[in-house]
Amino acid sequence: MVDFYAPLSVSFVYHYADKKDLAPVISHCLNLFQRDPEKPFSRAMNLPLFIYTTSGKRLPPQINSKANKSIVFIFISKYVVADSDWSCYISKIADMNNVVVVPVALDETAFNIDASIRNDNFIRAYQFNSDYKKELFFISIAHEIYRFTLNDKFEELKKGNETALKLFLSHAKTGSTGLNLAEKLKRFIDNSTMNRFFDATDIAPAYKFNEEILNNIKDSTLIAIHSDPYSSRYWCQKEIMFAKENERPIIAVDLLEEFEDRRFPYASNIPGVHICADKDIGDFDLYRILSAALLETIHFFYAKKVLCEYQKTGLISKDATIVARPPELSDIKKVLKEKIKEIVYPEPPVYEEESFLFKELDVEVKTLLSSDELCLKNKNIGISISDPTEEELLNIGQTASHLHLLSQDVARHLLARKSTLIYGGDLRAGGFTEFLFNEASVIKSRLQNDSVHLKNYIAWPIYKSDTETVIDWKAKYKHVASMLEINPPEDIEDLISNKEVFLPPENSQNCFVWSRCLTDMREKMIAKCDVRICAGGKHSGYKGKMPGVLEEVLIAINNKKPLFLLGGFGGVTSSVCKIIEGAQSHMLNEEWQIQNNPGLKDMLDFGKNRKNDFCFDYNSLLDKLKFENLNNGLTNEDNKRLFATQFIDEAIFLILKGLKTII
């Protein structure tokens with residue numbers, strides 16, 4: 001099996017002193033480029049995005065440049081220019097292979113930066129209209145991502161407006177509404193800095209339509225301005241068809257005023273933006289349209305590149321046809337002409353009824369979730385995952401959303417292959433348990449899969465902290481999940497006055513009770529698992545006798561359970577991976593743990609007097625944490641890649657590769 005390599009990574013680098021001004025802008029970009037963790041199976045991409053800054057007066061860590069192409073946006077202000085260490089840091093980034101550096105000038109001093117990037121074309125952010133700052137940042141950044149990394153003609157065209165994204169404005173020439181918007185949009189682009197990002201095309205009536213339309217559409221993103229007469233116009237229909245036949249991105253601008261008697265069927269299956277036709281169309285509306293066009297363009301080409309990369313590995317059949325949008329009526333002609341038997345498209349899967357026609361034609365339509373034959377039915381796969389500290393995430397260029405998205409993507413792939421997921425987590429709103437449960441609910445609905453199931457283990461006394469919440473969760477997710485409430489072990493029952501009442505961990509005795517309950521729950525949970533997958537994990541602030549993810553790793557090894565360790569997402573799992581590779585982890589030793597966890601020493605001392613084997617000897621980690629104890633079907637080199645990768649797609653590929661060997 002050929003290895004998977006991420007096609008693209010995007011990095012933002014900025015000085016900590018600029019955080020207050022940049023935080024809303026970067027958050028806006030993240031929300032658009034990444035799938036919302038609270039909207040499972042939304043039609044969105046998970047563009048690999050990394051944030052490199054610090055919380056103090058030091059340099060950010062080295063950037064992730066391990067994708068086929070990497071683009072780095074360096075936000076340059078007076079704080080960066082005045083710091084010689086930052087200049088050296090930027091020079092090293094500029095010297096990396098397969099890395100494109102795009103400087104973003106936050107003020108006019110940015111052009112005084114050292115020579116490594118001085119001659120590059122800056123994004124002049126300090127000139128942005130403050131009323132539309134977030135939108136202008138996004139458009140500028142998104143355009144460079146398209147131009148440098150997704151526009152296959154970039155090397156041929158090289159520079160200038162020739163590499164700008166072409167927009168084809170498709171609109172009815174009759175009726176004032178659509179025509180007015182097209183003219184406004186074109187003037188807006190032509191008469192502002194937007195012409196650096198877009199080459200807007202509109203066709204005059206006297207031109208030879210067939211030749212002119214085809215030549216312009218075949219390398220454009222089409223904006224279908226959907227006014228009342230749009231669908232009834234022959235050439236509007238032809239423009240849609242040309243775009244789909246030439247596999248071009250399309251967005252619809254919904255501009256209906258009153259009524260249309262028939263919507264053109266081939267103008268569906270595309271994202272849409274609603275603009276109020278009865279109000280004056282302002283700059284904000286135009287920015288929304290341009291942002292949507294760019295976002296769909298990036299989604300369109302990035303999704304296809306990811307699927308092509310999976311096809312190289314063999315997880316997608318080499319004979320499959322890859323498309324960038326769900327299959328539809330417009331694909332039938334190509335299917336019949338080229339005798340296509342399998343189509344793979346980006347997630348989310350369409351409902352079975354939508355793909356019925358293709359089944360009638362004996363054509364399989366799939367997403368990556370169902371593109372290979374790995375079946376995990378009757379297999380229990382445990383997931384150990386929790387957030388590291390914000391500081392630890394900063395050190396690897398990530399945010400909490402990286403782990404949330406990872407947990408959902410891993411769950412999606414395992415549940416779609418009919419495994420049962422086993423997790424041990426609390427019932428916090430917005431926590432990993434909720435993300436997993438919501439993912440399972442959508443998988444069950446989308447794939448019509450009755451075997452979708454999760455088992456969530458909860459230790460005493462956690463499930464006694466809010467019994468009403470537990471009842472709510474049981475009722476809401478009964479169709480996909482079961483809650484297993486684990487009673488306290490017998491050896492501590494004398495320390496519990498009433499098992500029906502929540503016991504707060506407020507002294508060393510109570511903390512010992514919590515620790516024993518958590519250990520007992522983890523042992524029972526892992527005994528039921530066929531495989532364990534670990535990522536993240538707190539080094540401090542836990543309630544047991546050691547970090548929770550570390551304890552689950554050790555229990556899995558003691559029980560000879562196959563173990564996949566995703567070290568690239570930080571936390572305890574990263575420290576465990578370092579030890580396996582022969583390095584040291586200063587945080588996984590007793591001295592560091594006691595110093596950084598108030599009350600831990602008192603609880604351990606209480607436990608020693610109570611139970612001889614209660615305390616853990618951190619010196620034994622070197623004997624336990626070894627490649628041969630992972631038993632996961634991967635080679636040592638594969639495991640090293642799994643330890644290091646920060647790309648969700650690559651991590652999933654390696655997990656599936658190992659599972660195919662051992663299941």
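These questions and answers walk through one predicted model, from the whole chain down to single residues.

This is a predicted model, in which local features need pLDDT of at least 70, side-chain atom pairs count only at pLDDT 80 or more, and totals for chains, interfaces and linings use all residues. Residues are numbered from 1 along each chain as its sequence is written, and side-chain values use heavy atoms, with hydrogens and water left out.

Student: How many helices and strands does the chain have?
Tutor: Helices (H or I, at least four residues) and strands (E, at least two) are DSSP runs, numbered from the N terminus. On that basis, the chain has 24 helices and 19 strands.

Student: What is the radius of gyration of the chain?
Tutor: This value is taken over C-alpha atoms, and the globule rule is 2.2 Å times the number of residues to the power 0.38. For 663 residues the rule gives 26 Å. The chain comes close to that, so it is as compact as a globular protein of that length, with a radius of gyration of 27 Å.

Student: Of the 663 residues, what percentage count as buried?
Tutor: Buried means under 20% relative accessible area, exposed over 50%, and partly exposed in between (1.4 Å probe, protein chains only). For the chain, the buried share is 57%.

Student: How many residues of helix H18 are buried?
Tutor: H18 spans residues 548–558 and is mostly covered. Its buried residues include Val549, Leu550 and Ile557. Among the elements covering them are helix H17 (508–527) and strand E14 (380–386).

Student: Which residue just after H18 takes a positive phi?
Tutor: Look just past the end of the helix. The phi there is about 55°, and the residue is Lys560.

Student: Is Ala67 buried or exposed?
Tutor: Ala67 lies in the loop between strand E2 (49–52) and strand E3 (69–76). Leaving aside neighbours within four places in sequence, its contacts (heavy atoms within 4.5 Å) include Pro7, Leu8 and Phe647. Its relative accessibility is 6%, so Ala67 counts as buried.

Student: How far apart in space are Ala67 and Phe356?
Tutor: In sequence they are 289 residues apart. In space, C-alpha to C-alpha, the distance is 37 Å.

Student: What is the relative accessible area of Thr321?
Tutor: Thr321 sits in strand E11 (residues 321–322). Not counting residues up to four places away in sequence, it touches Ile340, Glu342, Ile343 and Val344. Thr321 is buried, with a relative accessible area of 18%.
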